[in-house]
Amino acid sequence: ALDKLQQPQETVEKPMDAQTWWTGFRQQHQTDKIKFSEEITAPREIPDECFNSVLENLLDNVRNKANAEPEIAVEVKLHCSEDRVRLTVTDTGSALTADLADRLFTRAVDSNDGLGIGLYQAHKQAALAGYALRLAHNEPGKVSFELSNQQ
């Protein structure tokens, strides 16, 4: 079962207008304590299943982190330009340990509140859709993950 979870299925996703997806996602999460912002200068299409899955995983991780750090704040930002699509999730909590940061996308990691394969699987799913998921910042008060089209 773990092997199946670790190997995302290759599926052909129909692209969706990024602005339409963004509006819908924000409406679904308007009660969450999340600051949403966007910088959309050009219409773009995105693989919405991939974006939903990756973003839900990142937000679940922040919610779990908030159990130990209740004052944590989170911002989700969508940037769409002519040549770039970038979705970032940034929290104000503690940084990941260097060891954990090094292992995040290469294999399952130890987890107290899940199977520990969420980011590993999200990374693979993003790659299958032509996107990259990375840890963009990892310092106390600014931990940021970025999903962006590969260039």
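This is a predicted model: local features need pLDDT of at least 70, side-chain atom pairs count only at pLDDT 80 or more; totals for chains, interfaces and linings use all residues.
Which residue stands opposite Glu39 in S4? Let's look at the views one by one to find out.

View 1. Residues are numbered from 1 along each chain as its sequence is written, and side-chain values use heavy atoms, leaving out hydrogens and water. The protein has five helices and seven strands (DSSP runs numbered from the N terminus: helices are H or I with at least four residues, strands are E with at least two). Along the sequence, their pattern is α-β-α-β-β-α-β-β-α-α-β-β.

**View 2. The open sheet.** Five strands line up here in the order S2-S4-S5-S7-S6, with mixed pairing (two strands pair if DSSP finds at least two bridges between them). S2 and S6 (131-139) are the edge strands, each pairing on one side only. From one strand to the next, the twist averages 15 degrees.

**View 3. Strand S4 and its partners.** Here is the reply to our opening question: Glu39 stands opposite His79 in S4. Strand S2 (residues 34-40) and S4 run parallel and are joined by seven bridges; Ile40 has Cys80 in S4 as its bridge partner. S4 and S5 (residues 85-91) run antiparallel, again with seven bridges, and Leu78 pairs with Leu87 in S5. A hairpin of four residues links S4 to S5. Because five of the seven residues of S4 (residues 74-80) are buried, this strand is largely enclosed by the rest of the structure.

**View 4. Helices against the sheet.** Helix H3 (residues 48-68) lies across S2, S4, S5, S6 and S7 (142-149), running at about 10 degrees to S5 (axes are lines fitted to C-alpha atoms, for helices over the stretch in contact, and angles run from 0 to 180 degrees between N-to-C directions). Helix H5 (residues 118-128) packs on the sheet and touches S6 and S7, its direction making about 135 degrees with that of S6.

View 5. Met16 lies in strand S1 (residues 15-17) and, at 27% relative accessibility, counts as partly exposed. Leaving aside neighbours within four places in sequence, Met16 is in contact (heavy atoms within 4.5 Å) with Trp21, Arg44, Glu45, Ile46 and Asp48. The C-alpha atoms of Met16 and Asp48 are separated by 6.0 Å, although these residues are 32 apart along the chain.

Notes
Buried means under 20% relative accessible area, exposed over 50%, partly exposed in between (1.4 Å probe, protein chains only).
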